[in-house]
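Biologist: I'd like to learn how to read a model like this one. Could you take me through it feature by feature?

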Amino acid sequence: MFGKQPSPAMARPRVSPEPPKLADARPEAEDASPQQAKDKASGSKAKAAQEKIDQANALKTRIHRKLVEKLDLTRLTGDDESLREQVREVVALLCEQENTLLNYAERQRLISEVLDETFGLGPLEVLLADTGISDILVNGPRQIYIEKGGNLQLTDTRFRDDGHLMHVIDKIVSAVGRRCDETQPIVDARLKDGSRVNAVIPPLAIDGASISIRRFGADPVTWDNYIEWGSCTQGIRDFLEACVIGHLNVLIVGGTGSGKTTLLNNLSSFIPANERIVTIEDAAELQLRQPHVVRLETRPANIEGKGKIQIRDLLINSLRMRPDRIVVGECRGPETLDMLQAMNTGHDGSLTTIHANSTRDAVQRVETMVMMSGFELPLRAIRQQFASAIHLIVQAQRLTGGPRKIVTITEVQGMEGDIITMQDIFAFEQVGISSSGKAHGKFVSTGIRPAFLERLQISGAKVDPSMFERKVLYTDPVD
Ligand SMILES: Nc1ncnc2c1ncn2[C@@H]1O[C@H](COP(=O)(O)OP(=O)(O)OP(=O)(O)O)[C@@H](O)[C@H]1O
Ligand SMILES: [Mg+2]
């Protein structure tokens, strides 16, 4: 790879901006075209708008500084409403003293922004307050994207500068006892509401610090949502419930942002309340409602490079915690082998996710990850482990235009020679793209009766055998 020659496109020298033509140097007013006049007008408008933003920022900083001088901020705590009210009054007073020409709405906005800065995460607060936003993606101080309703959109929210952005990152990660600096430029954290945060700072992030927030807390997707939005059918939901109650080991697969963690959370909700659950995650995202849950989270190394605790360590330890169920947020490395072994050694009914683009691709991913564990296991042995550990693979997918669905539910049947045999039980078949650009299609029963049906029935889980007859279960309405 290092020996690779740069491609011709990469090797091409960067084109420097053309030197200004003589005509450009003439006084502009003389014979400027209407287009040039328009450009000039919009340029000075943008300049004026930027000046206004700069003035507002300077005012905010001044008021914030005065607020810090006036109050002992270290004694303030999070979301105490009355405290916020008291500070609001002080900020309003400081605003008046500044004697600026702000109208009522501008003044209220300024007060809210100073409060967000003091109590919360500054400019991000406005976005966090909108529960319809599922992702917030900060690419440096001046570019913030959101995902709303399945669409990625650029917002006009901004940070003042790099320092401001770094300050907010610091606030997020220090709240969960982590830090983000030159020695630790990549960090995972979570917000108070359970949203997952990943931050990468320069020099790794070339164009300014990056924050990626995956929102969960405020409005987690429920089974009712899955059915209402056509992410699965009631019958498929009931089948999955039976599989979890019947202690099948389930592997969820899907690409980035396809809905794996959401599905894991919802599948875990089927675990009966009298069972002891241990959850293991890199950054705790799962929100289980059962009373008997032990939540474990990994830890990065400290400043001396010591004390790192990985998923694998927690998984091995969890076996000594008498779990009925082990739920691992995501297997993405050598812990995969430990997970398969746990599933094979009496921890039936465990659940996890892996990043793979199809149920069959999942086998290859697991093989690769098991090889990373350092044990020289022959491929056949790995496959045998997989085939006896995993009973069911459920695939989540984000389709064109944003809808997320459970697209395949596959039974792992066993081995034939060196090959793992699998059968799809339910599938989503895409038919087309609607006028609004969204994929649509139908859920079908493939006509395969799973071999574990008897096991489910013995365990008391209720499954209607007629649901496995080949038929269309649901067709998306088309707009
Ligand atoms: N069935 C669904 N319908 C609509 N939105 C969904 C659905 N499932 C998940 N989402 C939303 O999609 C986003 C991604 O979900 P989730 O975090 O579960 O994906 P993931 O595959 O675990 O992502 P990652 O690979 O980043 O860990 C979340 O905002 C979630 O609320
Ligand atoms: Mg996830």
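Predicted model: local features only at pLDDT ≥ 70, side-chain atom pairs only at ≥ 80, totals over all residues.

Biologist: How many helices and strands are in the protein chain?

Modeller: Helices (H or I, at least four residues) and strands (E, at least two) are DSSP runs, numbered from the N terminus. Here the protein chain has 15 helices and 16 strands.

Biologist: And what share of its residues counts as buried?

Modeller: A residue is buried if 20 or more other C-beta atoms, placed from the backbone, lie within 10 Å of its own, exposed if 12 or fewer, and partly exposed in between. By that test, 32% of the 479 residues are buried. As for contacts, two residues make one if their C-beta atoms, placed from the backbone, lie within 7 Å. Among contacts between residues at least 6 apart in sequence, 56% join residues at least 24 apart.

Biologist: On to the ligand. Which residues are closest to ligand 1?

Modeller: A residue belongs to the shell if its C-beta atom, placed from the backbone, lies within 6 Å of the molecule. Ligand 1 has 16 such residues around it, and the closest are Ser134, Gly259, Lys260, Thr261 and Thr262. Helix H10 (residues 260-268) gives the largest share, three residues.

Biologist: What is the make-up of that shell by class?

Modeller: Ala, Val, Leu, Ile, Met, Phe, Trp, Tyr, Cys and Pro count as nonpolar, Asp, Glu, Lys and Arg as charged, and the others, Gly among them, as polar. Around ligand 1 that makes nine polar, four charged and three nonpolar residues.

Biologist: Is H10 itself enclosed or open?

Modeller: Nine of its nine residues are buried, so H10 is largely enclosed by the rest of the structure.

Biologist: Now helix packing. At what angle do H4 and H5 pack?

Modeller: Axes are lines fitted to C-alpha atoms, for helices over the stretch in contact, and angles run from 0 to 180 degrees between N-to-C directions. H4 (residues 81-98) and H5 (residues 104-119) pack at about 130 degrees, their axes 10 Å apart. Angles under 35 degrees count as roughly parallel, over 145 as roughly antiparallel, 65 to 115 as roughly perpendicular and the rest as oblique. H4 and H5 are therefore oblique to each other. Residues in this contact include Val87 and Val91 of H4, with Leu110 and Val114 of H5. By class, the contact has nine nonpolar, one polar and three charged residues.

Biologist: Which residues meet where H13 packs on H14?

Modeller: Val363, Val366, Glu367 and Val370 of H13 meet Leu379, Ile382 and Phe386 of H14. Six are nonpolar, none polar and one charged. The angle between H13 (residues 359-371) and H14 (residues 379-389) is about 120 degrees, with the axes 10 Å apart.

Biologist: Finally, single residues. Where does serine 459 lie?

Modeller: Serine 459 is in the loop between helix H15 (453-458) and strand S16 (471-475). It is partly exposed, with 15 other C-beta atoms within 10 Å. Not counting residues up to four places away in sequence, serine 459 touches Ile245, Gly246 and His247.

Biologist: Which strand holds aspartate 135?

Modeller: Aspartate 135 lies in S1 (residues 133-139), and with 17 C-beta neighbours inside 10 Å, aspartate 135 counts as partly exposed.

Key
Residues numbered from 1 in each chain as written. Chains lettered and ligands numbered in written order.
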